[in-house]
Amino acid sequence: NFKPEFETFISETYTKQALSPEMIFGYVYAVLHSQKYRTTFEEFLKTDFPKIPFVDDYGKFKKLSELGNELIEYHLMKKVPSKNTVRFAVSGTDELTKIKYDDNKLFINNNQYFSGIPKEVWEFYIGGYHVLDKWLKSRKGEKLTYKDIEMFIKISSIIAETIKIMEKIDKIRNYLKIIKKSRQFLIPLLGTVSMLMAQGQKRKLANCPDNRFIACTNTNISN
């Protein structure tokens, strides 16, 4: 259940709509993945919990919520992109002895590499968390198994899809004006990657077994 003050805030903002917790969470998740939001509130986010702006336009709320929930499905790996360009085709020892990115190729040793990784996917960060680099470094010196290789390809394709959805979030008409003018509600995101994404803090993932998930999130807006 949501806290009473948050329920009041939502009912006053969307007087003619019944919003489910999933819709609200999806909306919050979308806002936290908006580059415009992060840029606009950059200084504030360095020192405090994220302050989530709730748009008055229900249509835009619904669209953002849908995009946020789509991101959640990808980040929990309940959904995986049907197409991806990443390949691991060169035979070898599969030992991870180096990590070097060059021209859409990510080398794991002198001979083997993952191909088809765009620069923006390789450079993708969640706050201070360099996703692909961190995943590989945690396995450096080991021999990658078939499941490891499969997982890395999935994560890479999910990051590519995440970037596309983030662009869709920021392309919503007049979104920059909306987030500057809309009413806001302080959302404490305690010990979660969502907070890290918004604040840019360098901390370790919590509650993400085996580093499988790109993001693990909980919002402290409920009792």
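Mentor: Let us begin with helix α2, residues 21–32, whose 12 residues should span 16 Å at 1.5 Å a residue; the C-alpha atoms at its ends lie 17 Å apart, which agrees. The expected span here is 1.5 Å times one less than the number of residues, and helices (H or I, at least four residues) and strands (E, at least two) are DSSP runs numbered from the N terminus. The model is a predicted one, in which local features need pLDDT of at least 70 and side-chain atom pairs count only at pLDDT 80 or more, while totals for chains, interfaces and linings use all residues. Residues are numbered from 1 along each chain as its sequence is written, and side-chain values use heavy atoms, with hydrogens and water left out.

Of the 12 residues of α2, 9 are buried, so this helix is largely enclosed by the rest of the structure. Buried denotes under 20% relative accessible area, exposed over 50%, and partly exposed in between, with a 1.4 Å probe and protein chains only. The buried set consists of Met23, Ile24, Gly26, Tyr27, Val28, Tyr29, Ala30, Val31 and Leu32.

The helix belongs to a chain with 10 helices and 7 strands. Among the 223 residues of the chain, 46% count as buried. Of the contacts (heavy atoms within 4.5 Å) with a separation of 6 or more, 70% are between residues 24 or more positions apart. The accessible surface of the chain comes to about 11900 Å², and 48% of that area belongs to carbon and sulfur atoms; such areas come from the Shrake-Rupley method with a 1.4 Å probe, and for residues only the protein chains shown count as cover.

Charged pairs complete the account. Side chains of opposite charge can pair when their charged atoms come close. The whole structure holds 6 salt bridges, each a side-chain nitrogen of Lys or Arg within 4 Å of a carboxyl oxygen of Asp or Glu. One of them joins Glu66 to Lys62, with the closest N and O atoms 2.6 Å apart. These two residues are 4 positions apart in helix α5, residues 58–75, and are therefore separated by about one helical turn. Glu66 is partly exposed at 40% relative accessible area, and Lys62 is likewise partly exposed at 36%. Another salt bridge pairs Asp148 with Arg139, the closest N and O atoms being 3.9 Å apart. Here Asp148 is buried at 18%, and Arg139 is buried at 9%.
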